[in-house]
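User: I would like to go through this model and ask what the labels rest on. Please set each value beside its definition.

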Amino acid sequence: MEKLKSAVPDSLKRMVGESTSDDLPRTCSSLLDFFLHFEPFHQIVRDLADPESGLCGKSKDAALEAKRTGNQCFLRGDYAKALACYSQALRVAPFEADDMETNLFATLYVNRATVLLKMNLLTECLRDCTRALQISPTHAKAWYRRGKANASLGNYDNAVRDLNVAESVESSVGGKKQIEGELKIILEQCKRTSSSVLQHNENDLVAVDEQPQIKLRCVTTQDKGRGMASSCDISPASLVHIEEPFAVIISKQCRETHCHYCLNDLPADKVPCGSCSISLYCSKLCQIRAGGKMFRTYPKDHDIFKNLSSDLGKYVAEITLGNDSDQDIEDIPEHKHECQGVHWPAVLPSEIVLAGRVLVKSMVQKSATRDGSNLVECLELSQFYTQMDIESKLVLHIYSIVLVYCLQHSYAIELPINGVSVSQIITLVSQITVNCMTVVRMKSVDAHGLPDQFGEFSCSGNVLTSNVEQVRVGKAIYRAGSLFNHSCQPNVHAYFLSRTLHIRTTKFVAAGCPLELSYGPQVGLWDCKDRLKFLEDEYLFRCQCSGCSEVNLSDFIINAFHCVNPNCSGIVLESSVVNCEKQKCKHFTRSNKLDKYENDDIHEMPQHALDQSNGSLQISPSHCLKCGSYCNLESSRAEVNKAWTRIKRLQDSITAKEISSTAISDALGALGSLKSKLHPYNRGIAEAEDNLAQAFCLAGELQLAMDHCKASIRILEKLHDPNDIVIANELVKLSSIQISLGDITAVDSIHRISDTFSLYYGDHVNLVFPYLQSLQERQKSFVQ
Ligand SMILES: C[S@@+](CC[C@H](N)C(=O)[O-])C[C@H]1O[C@@H](n2cnc3c(N)ncnc32)[C@H](O)[C@@H]1O
């Protein structure tokens, strides 16, 4: 990119930098012309798009090497490493390759199934055996391992069937004997235990039965353009919107951990893409949905099966044929055009690869014309090319040109390469920038940073604690979902089950009111100036929401300093905050929720400042809003910065899991400095308290951890609504500490968490956050 950017002549750079969306066909055409005669550009495109030089292709040698290492690890008993090696071998193995007259894929699946069986990952083992059998139906070891996994799962009928088939396809006498021995054991077990047939569906996609019952209207306002509004009163926690994405792309940092199609966690038996070594899937169904149907060896009329009873024959057919053909598979696989081992999909920025997906899908769907000239209109999304800075415009031009060339090389799309087509891609990417949604997943981790996926309490020594973290797993375009505008005080919450967007109200919404979600910033999390800056930088608009146009108390106190007068509870603001507050057009009214400040006098301060001037805020930076005392904020800021350097050291030791008593006592000193300079409800103090809570958890000092966690929550309660999810997330930590301490008040905390999470996730709460169930189980044991 740097090479291409620096090669562009200054005059062309200027022309691109000053362009508006109307100029795009002309600027694209000029830049294309330049690159056409610039050989390094063509070399770059060849490197990115030529399968021969692609770095993400399949290699039988690399697969055999990984398999060999896997075998050695297996023999040593290093099952985790063996599992990783077999998975890597599967990722790079060419689908058609054979190894010792057996399909290499099938062998690798069976090897991996053997490791999975050793690791007691039975369902995963079963699935790998089935995958091997769908490629190579007479693979005796696959039937045998399948039988063992089924027996361990208590599926005795199927285990007996598997072993009977294994025996009939096994050629060696020794092998047959071993199977017979196993069969006897299983038949014995079967007699002792009543058979329970468990269904193990490879693609356990979440069944979503709840459907939105409310009709929404699309309305247009002058300050925000189109937006969604309710046509009736809507009660809190109502599901108002469900939508499948138009296109999705996984985050780069989640490529090894999450399914590239549905974005769920990858299981131990992940499935690789059939034609490149980039993508990984949680199941074959996801692989097919993303990459299209692969060539498959369907079971032929094997002589070997002829002696089977009709019941067993039917069973064999069921297993080996699978049920993919019955599945409702999306007819436009979004990854297919990126395959064949080329590495541009791995190298180019996610938004560009996503633009490629949108473009190909639109063209295949025929909603876009062959020359792509109506691509932008057919998506009907807003875009802000003209507002972009000079540098971004040039980068966007170059990436768009590279993308069209790559698509033509590796997919042979019919899109002509000219100023019009490239300008359409530029507009498409700028649409994606402002309209794509970040798909997030909730993850609970224990104080030691270990994932707590199974909803169990992690236990390290005597410390049992948990945090909630959000993982940004991907980006997606939802056409109707994009019509929801942003508010820093949102009344709806967006979440994702697999790739499906769900939007639910978190407050009562009166008929006709806009339904607005948060694009990231929220009142109570950041102050107004930081929110405005983020939205301008990321989404290129100036926020007009209530939080940014009406004075609210959170924005006053979130970054406030303490009055120098120790007896005064007043707040002192920096000039940047004051300037931002003064620009708000609507001012503080009694309707701003004051209940949470009932026993404080801070709510009077903005009101007081307002009344004096009859309309506009009369507040001076560096002066206490209550008593007027001057505070030298420069020296306060310097002291606060010093304190933060010390707290950061504690954060580093938390990350490194190396907590020392010196680090903690130093951070306690720093917290004292923060408290002496900052207003008691400053968010920085909440953060420092939270860090200390985590540190004390790691050090096993749970009582102190609880005190600091509570102190953090007390501040959050001043900054947010009582049922805000930010507070519930912190309560997760508090409740797990309380449980560990045997503190009965854990029950109240868990009730609050449950109420808030149900508000945000409705009936999906346990799917999104399985940890809640285990908290509730623990709560029951308290009550009994
Ligand atoms: C995802 S789109 C939302 C739909 C958009 N209003 C439309 O007409 O297509 C995001 C754009 O909507 C507008 N928008 C959303 N929230 C806004 C807000 N709080 N203040 C001002 N503009 C907003 C901005 O122009 C932003 O770039």
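User: What makes the span of helix α8 agree with the number of its residues?

Analyst: The model is predicted, with local features needing pLDDT of at least 70, side-chain atom pairs counting only at pLDDT 80 or more, and totals for chains, interfaces and linings using all residues. Residues are numbered from 1 along each chain as its sequence is written. Helices (H or I, at least four residues) and strands (E, at least two) are DSSP runs, numbered from the N terminus. The expected span of a helix is 1.5 Å times one less than its number of residues. Helix α8 (residues 122–135) has 14 residues and should therefore span 20 Å, and its end C-alpha atoms are 20 Å apart.

User: Why is α8 called largely enclosed by the rest of the structure?

Analyst: A residue is buried if 20 or more other C-beta atoms lie within 10 Å of its own, exposed if 12 or fewer, and partly exposed in between, with C-beta atoms placed from the backbone. In α8, 13 of the 14 residues are buried, so the rest of the structure largely encloses this helix.

User: Is N120 buried or exposed, and what makes it so?

Analyst: N120 is exposed, because it has 11 other C-beta atoms within 10 Å and the limit for this label is 12 or fewer. N120 is found in the loop between α7 (104–118) and α8. Its phi is positive, about 65°, although N120 is not a glycine.

User: Which residues of α13 are buried, and why are they placed on the same side?

Analyst: The buried residues in α13 are V316, I319 and T320. They cover an arc of only 90° around the axis (the arc of the directions from the helix axis to the C-beta atoms), which puts them on the same side of α13. An α-helix has 3.6 residues a turn, so residues three or four places apart point the same way. The face turned away from the buried side of α13 carries the exposed residues S310, D311, K314, A317 and E318. Helix α13 (residues 310–321) reaches 16 Å from its first C-alpha to its last, close to the 16 Å expected for its 12 residues.

User: Why are C488 and C259 called buried?

Analyst: C488 has 28 other C-beta atoms within 10 Å and C259 has 26. The cut-off is 20 or more, so both are buried. C488 lies in the loop between β10 (466–477) and β11 (492–497), and C259 in the loop between β6 (247–250) and β7 (271–272). The C-alpha atoms of C259 and V271 are separated by 9.0 Å, with the two residues 12 apart along the chain.

User: Is L263 buried or exposed?

Analyst: L263 has 25 C-beta neighbours inside 10 Å, so it counts as buried. Its place is also in the loop between β6 and β7. The phi of L263 is near 70°, a positive value in a residue other than glycine.

User: What makes β3 and β4 a pair?

Analyst: Two strands pair if DSSP finds at least two bridges between them. β3 and β4 (residues 225–230) have 6 bridges, in the antiparallel sense. C218 stands opposite M228 in β4, and the bridge partner of R217 is A229. A hairpin joins β3 to β4 through 3 residues.

User: What pairs β11 with β12?

Analyst: 6 bridges join β11 to strand β12 (residues 500–505), and the two run antiparallel. L497 stands opposite T500 in β12. The hairpin has 2 residues between its strands, and S498 in the turn has a positive phi of about 55°.

User: How many residues surround the ligand, and which are the closest?

Analyst: A residue is near a molecule if its C-beta atom, placed from the backbone, lies within 6 Å of it. The ligand is surrounded by 18 residues, and the closest are G225, R226, S382, N485 and F541. β4 and α18 (419–435) each give two or more residues to this shell. The largest share, 3 residues, comes from β4.

User: Which domains give at least three residues to the shell around the ligand?

Analyst: Domain 1 (2–54 + 336–435) and domain 3 (438–617) each do. The bounds come from an automatic or database domain assignment.
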